[in-house]
Amino acid sequence: MFLHQLQLYNFRNYREQMVLFDQPKTIVVGANAQGKSNLLEAIQLLAVLQSFRVQRDRDLVQWGQRQGEIHGKCQRRYSTVDLCLRLFPHQRRTMLVNGVVVKTKDEFLGNLNAVLFSALDLELVRGSPEYRRDWLDRVLVQLEPLYIRLQQSYQRVLQQRNALLKGIKQGKMRYDPAQMELWNQQLVTIGSKVMFRRRRLIDRLSPLAQAWHRRISATETLTLSYLTRFPCGDDINAIQTAFYDHLQKRAIAEQQQGSSLVGPHRDDVQLQINSQPAKEYASQGQQRTLVLALKLAELELLQTVSGEPPLLLLDDVLAELDLSRQQALLSAVQPTAQTIITTTHLHNFADRWLHSAQILTVKDGEIQLNC
Amino acid sequence: MYTPPLARLIEQLQRLPGIGPKSAQRLALYLLSRPREEVTALAHAILDCKEQVGHCQVCGYLSVDPICEICRNPDRDDSTICVVCDSRDVIALEKTREYWGKYHVLGGVISPMQGIGPDQLNIPTLVQRVVKGGVKEVILAINPTVEGETTTFYVGKLLKEFTKVTRIAFGIPIGGDLEYADEMTLIKAIEGRQELQ
């Protein structure tokens, strides 16, 4: 797939900007805080409907403006898709596909696939479990857009159940075993589906990440596993039974703490290098290699499933990789696959990256084509 | 910009659902241009409605009398009760003219986030109606949201030992197109498939 046109209105520091992409590789050059990452953030929003930096739409709309807009035209193998996302500071966003408003996120997702790799991704190794769960969820919504519905339902059940537990703890609500049981059942039914899909994703990503990791590091072995709070089998029924049993065991602790302690919202992805947890033992270099392997696996999987290479968005990370890692990345990306790279300087790049690349300069929210 | 009474009216109108600042201004100026009798009639209609309309003691539907017209109607089937969340749902179902049983309005759904538990809903009277006997079927017609599902299961569990409990089907709208149905609805429709008669 190829994003050939991107228009931004009142988005972050862009007032009105049109960008035309005409080469598989685009390098966006600019000093810090000029709007390089904002450009990639806009593209990622079209792909996953979520920013990798902020939660609220009001942070995305240019200060003082009533509405912001991201509009992209994307060439797929057999069709063109026109995606538009209207953002409002205090209102729900509007999504349009080919000029028609769509009501649910799953109708919007899956039209444009993108893999973003930024300095923040090092948190995948050293950060809290939340980073790893969010990463899985972002990949899943692109692979199977209906997953977003599961995720939303699960969030809703979790919020309701937490409100109930909190209300009971504070004495504002009465403990009603019948009601609690129903929330338990909903949490287990929907939560198990979330866990099942995340685990299936790990199973698919794991061999790909392992192979990439071996190609870059030569000697080390990477293992990925999905960690739940309780041991359980692979199929959905086994997960449900184990989940439900564990929920019963933790019932008293949950009431004391006033929140839900078991479920996919507490799960994690364990990353190990040569059977050692990467979080504690990996050096800076090993961490970079690991994150790169995860991203390449993500890229490969999205490509296999959708049949088209996704966009690769590299936010200020390429220049930080040494030449052998740059080579690994280059070999993973098909020459025709669209890659958009941001950087502060053009040196430090392997010549093959610069070759036939379109170079854009960003300054203070304005993008210009370098001739 | 507005003279004070007009500002107050616009502010009040703006509180109504679906009314923004521009519509509020339009409505206010329109009201101002109408004859006094017409405006008085509207004001009285609003007040009378608020003062006189309450909830039916039996089913909880909106009614001027202690017992609503539907509950009083001897032609309606006493042995079937359709449980809905809101009076609006009764209006929607009544428009079909196909349902001849009675209703029960819960007045909301279980939602701990809004502080609504089973105790805040019109559930005890429903249980009484069913326990009293004579009810052959309770149809649960509650929206299939997370909260609606919890409410459906809660009420269903309470009543199951006394009578037959059913729930309405989900699926493709009549005259709709499979191609345009959203995937979640399609999955539900396949789950709820029926043998061709």
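Helices (H or I, at least four residues) and strands (E, at least two) are DSSP runs, numbered from the N terminus. This is a predicted model, where local features need pLDDT of at least 70, side-chain atom pairs count only at pLDDT 80 or more, and totals for chains, interfaces and linings use all residues. Residues are numbered from 1 along each chain as its sequence is written, chains are lettered from A and ligands numbered from 1 in the order in which they are written, and side-chain values use heavy atoms, with hydrogens and water left out.

**View 1. A nonpolar patch on chain B.** B:Val53 sits in the loop between helix H3 (36-52) and strand S1 (54-55) of chain B. Together with B:Leu62 and B:Val64, B:Val53 makes a nonpolar surface patch with about 240 Å² of accessible area. Patch members have over 30% relative accessible area and no salt bridge; like charges are joined within 9 Å, nonpolar side chains (Val, Leu, Ile, Met, Phe, Trp, Tyr) within 5 Å. Areas come from the Shrake-Rupley method with a 1.4 Å probe, and for residues only the protein chains shown count as cover. B:Val53 counts as partly exposed because its relative accessibility is 33% (buried means under 20%, exposed over 50%, partly exposed in between; 1.4 Å probe, protein chains only).

**View 2. Two positive phi angles in chain A.** A:Asn274 isn't a glycine, yet its phi is positive, about 45°. Look for A:Asn274 in the loop between strand S10 (268-273) and strand S11 (276-277) of chain A. A:Asp316, also not a glycine, has a positive phi of about 60°, and lies in the loop between strand S12 (311-315) and helix H11 (323-332) of chain A.

**View 3. A:Gln358 and its surroundings.** This residue belongs to strand S14 (residues 358-363) of chain A. Beyond its neighbours within four places in sequence, A:Gln358 is in contact with residues including A:Leu20, A:Phe21 and A:Leu369 (contact means heavy atoms within 4.5 Å).

**View 4. Where chain A meets chain B.** Here 19 residues of chain A are in contact with 19 residues of chain B. The two chains bury about 1700 Å² between them, 63% of it on carbon and sulfur atoms; buried area is the accessible area (1.4 Å probe) that two parts lose on being put together, summed over both. The rule finds 2 salt bridges across this interface (a side-chain nitrogen of Lys or Arg within 4 Å of a carboxyl oxygen of Asp or Glu). A:Arg174 forms a salt bridge with B:Asp119, their closest N and O atoms being 2.7 Å apart.
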